[in-house]
Structure formats: C-alpha cells, structure tokens
Amino acid sequence: MDSDNNELSLSARQRRRLLQALGSATLMGGMALSGRVAAQALQASQENVLDVAIIGAGLAGLTAARDLQRAGSNSFVVLEARDRVGGRTYNHDLGNGVISEAGGQWIGTGQTAIYDLARELDVETFPTYYQGKNVYLVGGAKYEQDLGNDETPRSAIVEKLNEMARRVPSREPWTAVDAGSLDEVSVGQWLAAQGISNVERLSFDTSIGLTTGTPPANLSLLHYLSIINSADCSMEKLERFKGGAQETRIVGGSQVLSLKMAEALGDKVRLSCPVQRIVGWDRDIVELHTHQGIIRARQIIVALHPALCNQIAFDPPLPEGRAQLQKLWPSHAPMRKTVHVYKRPFWRKNGLNGQITQADGPLILSYDNSPPDGSIGVLAAFVRTSQLPHDPIRAQNTLSDIYAQVLGEEALHPEQFHDYDWGKVDSWTLTCVGSIPPGFLTRWGRYLKPAVGRLIWSGTETADIWASGMEGAVRSGRRAALEALQALIRRPV
C-alpha cells in the first residue's frame, strides 16, 4: 500500500511539473514544450502501460509520433498493419536512385506544414515539369493547349466557385449558412446548369476527379467548396500545376518523408501489426489487441482513413454517430497509377509536357514524372481501372498506343512498365482520397473530429485545411499529438 501511494505521489508530482512547463512554454505549432521537464512528466507511471499508442504509420501517425518525441515523451508506440511505412505514399524503385510515386506525390502553394517537415528532415524539393502543351483526346479529335505559361483570364465558373467557397468553412463545412442546400447538389449537377462547353466540362471533370477521386456527378458541392476554401478560396491553387497544389515534387519521392521519420523513431514503429480490437476506450487504460499481442495505453491516436476503422472491433461499441460515420464513409476511390519509363523525356523537345487527357478511354491523365535532371523519361498516369486490362503486357501496350497518338512512335517502346492498383495491393487501402457524396456531410460530418473517450482521430480526412492531401495528413498528426499531450496532463492525479 505504501508503495502504491509513493507511485501515485510521483505521478502527481510529474504531472504538476508538466503543467508548469506548459504554462511557461510557447506552443510553437502546438509542440514546443519544455524539453526534459516534459520528458520526465510523460513517463509511464505503471509498468507496461504506455502514454500513447498510435495506429497507422502514414504521414499522420508518424508526424504525431515525431512530435511526441520532440516534446520529450518516449512512452508511445506506432502500430502499422502493412509491412512498410508511408500509408498512401509509396515509391516505385526504377533503379539508379530514380523513383516514381505510386501514391500521393505533389505539394504546392500554401502547404506550409509539409514544406516545413521536408526542411526539418533535410529533404529537398523540385518543380514539377509542366512547361509546354497538354493534349485532350476527345473521340478521334485532338486538342492542344499550353498551360505551362497559362496567362488566360480566370473563367466565370471558377470565379463563381471561389466566391461560393468563401461561405463554406473548410474546418466545419456543415455549419455553413446554406450547407443544407449545397449538400443536396452534386458538383456535376451544378456544372451542368452553368452552360459550359464539352471541352470545358472535360477539363473540369478531369481536374476535379483527380483531386477528389470521384466524378463530379458523385461529389457533394458542399464538400468541394470546403476543399476550395482550404486552398485560400482559390480553385486555381487547388487544381493547377503552375502556382497550385501540383507545382512541386519531393526529391526521393513522397514516401521518403515517412521513411526518414520511421528511421528516427526506431523500434517504436512496429510493422505487420494490425490492430484487431480496442477494448475499454472509455476507461483510463485502453487495451489494443494486435497480431503481436496486447498493448495497453492511456491515449490512442487513430491515424486511419475513417472507413478503415471498420476493420477494428470496438468494445464497448462506439457511439452511434461515430459508428455510422465510419460505416457509411465512402471508400470507392482507390486509384490506379501506371508508369512508363523511357531513355529520355523525348516529348519535351516537341514542346509537349506529357499531359494527355482522354475523354472516353482508359487514360484519365498522364504527366511527366521524370527525375529532376531529366536523365530518363518517366510518364506516369492515372487510369480508369475498369477500362484498362490488368494483364501487365496488355495494360502497357494499351497505354503505349494512346501515348503514340500524341507523342509519336517512340512512345511504343518503354524500357519499364509499372502498374499500381491501390484497390488490390492490400486490405489496408480502401481508398486514396476523400470522395464525399451529396447529403453526407450535413448528416455525419460533425462526428468526424471530436475525440471519443480515449480515442483521438487523426488522418488527412480530419484536417482543418487541405484535407485528403499530404499537407492535411501532417497537420492532423500535429493536432493529434497536441491533443494527446493535453489529455494526459488533464488526467486526475
């Protein structure tokens, strides 16, 4: 009994010291705590009980872990179901140190958190290659447009969307004054009412579909406006290469950020360790049942896509609102990306940027994904899974034939071909981006972010701005780490 009292007394003293540290420290970006005092205060006061367990070793989960460590806490673990880190970022190794990203890859204007992370990890960036003409294939017709130096006036449709987005806060779009009416309409329905041309519609459909993972006909106007709102109320920043969210790439590929964070975290990251069951999320100590045994922790950061949470059994069951949000969250946009590798980016000499959009075939968009020095030519593409064969040779030849229509015969002879279908690679990637349908946000959105018991929800979908992008993932990880620390110091002592 005396031993227990002494332990409790030590815990109380530690938490009081952390409160003092928090009171005197400036929370720069939410994480600048008074180093060693915080480290002492956050040590587990009970054997085999961690302060924090993080589920998911993507950008969100690893950023949260990194911030905890930087704050002085060493009482945490990161649990990853896959045999690798990086979540929805993944690099194809093309040899000789060259990669092509199979998942998320671009960053751009206004995305400060991920730029800061790259600098802190000594990871360099470089401009996306977009100079020259892009090409639209519509039936048997071919249209060219130079977007590399696009000085065309902003269209009236874009102006209108930007203006509407100012009334839809990205943090809580369901609180907008006209949220109900905006959530009843799809982006496709709204565009159809604007009287735009077929070529304009193809351009909108392609850019919006790539950003959100679903055709505009299936996308809530409220949701899309909230995404524009997070991009400084500028559809141009959201969708464009030049001056937009696709303007910059990461040297070594986007997955290198997660690889570097995981390396620094060492054995605190456990791979091939899916969480099957969470018991007692409403109690002081939570149990996580995994393939590698039971882990006990005081706070849980769930850095997963909301629909992936359905693969975990919760005991007791989650509150109805949160449970329904997870159950109904759309997960039908897994994405499929391909890569053709050539000796050189031969299309550049002809004034083309490698961007090809096809209206009625398997190709959604190709783009130049060559390394910074252009030493080899890499043509990556988003494709329509249902229209492209899964046999590698047939898939390669089908796309090569399309490229040859625009780029010439040289496109028929790639040296490598890679095909990554996120819907088939594992059971841990149900979807790549957020594709929210009409009627969803106004009914279920308010259950997305608030903590439930000891469960703190993270992942890019929970970000206040740039949700569904890598920027949103980093921001959500930082916010989750701060929530976990604040929850720990508020615990009764």
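## Close-up views of salt bridges and a buried lysine

**View 1. A salt bridge between Glu101 and Arg249.** In this predicted model, the side chains of Glu101 and Arg249 come together in a salt bridge, with an N to O distance of 3.2 Å. The pair joins distant parts of the chain, since Glu101 belongs to strand β4 (residues 98-101) and Arg249 to strand β8 (residues 248-250), and the two residues are 148 residues apart. Both partners, Glu101 and Arg249, are buried.

**View 2. A salt bridge between Arg277 and Asp315.** Here the side chains of Arg277 and Asp315 meet in a salt bridge, at 3.3 Å from N to O.

View 3. Glu471 and Arg475 form a salt bridge in which the closest N and O atoms are 2.7 Å apart. Because the two residues are 4 residues apart in helix α15 (residues 470-490), Glu471 and Arg475 are separated by about one helical turn. Glu471 counts as buried, at 0% relative accessibility, whereas Arg475, at 28% relative accessibility, counts as partly exposed.

**View 4. A network of salt bridges.** Arg66, Asp67, Arg70, Glu120 and Arg478 are linked to one another through a network of salt bridges. For the model as a whole, the count of salt bridges comes to 26.

View 5. Lys268 is located in the loop that runs between α11 (255-265) and β9 (269-270). With a relative accessible area of 17%, Lys268 is buried, because this value is under the 20% that sets the limit for a buried residue. When neighbours within four places in sequence are left aside, the residues in contact with Lys268 are Asn74, Phe76, Val77 and Val78. The C-alpha atom of Lys268 is separated by 9.2 Å from that of Ser75, although Lys268 and Ser75 are 193 residues apart along the chain.

Note on methods:
Residues numbered from 1 in each chain as written. Predicted model: local features only at pLDDT ≥ 70, side-chain atom pairs only at ≥ 80, totals over all residues. Heavy atoms only, no water. Buried < 20%, exposed > 50% of the residue type's maximum accessible area, 1.4 Å probe, protein only. Contact = heavy atoms within 4.5 Å. Salt bridge = Lys/Arg side-chain N within 4 Å of Asp/Glu carboxyl O.
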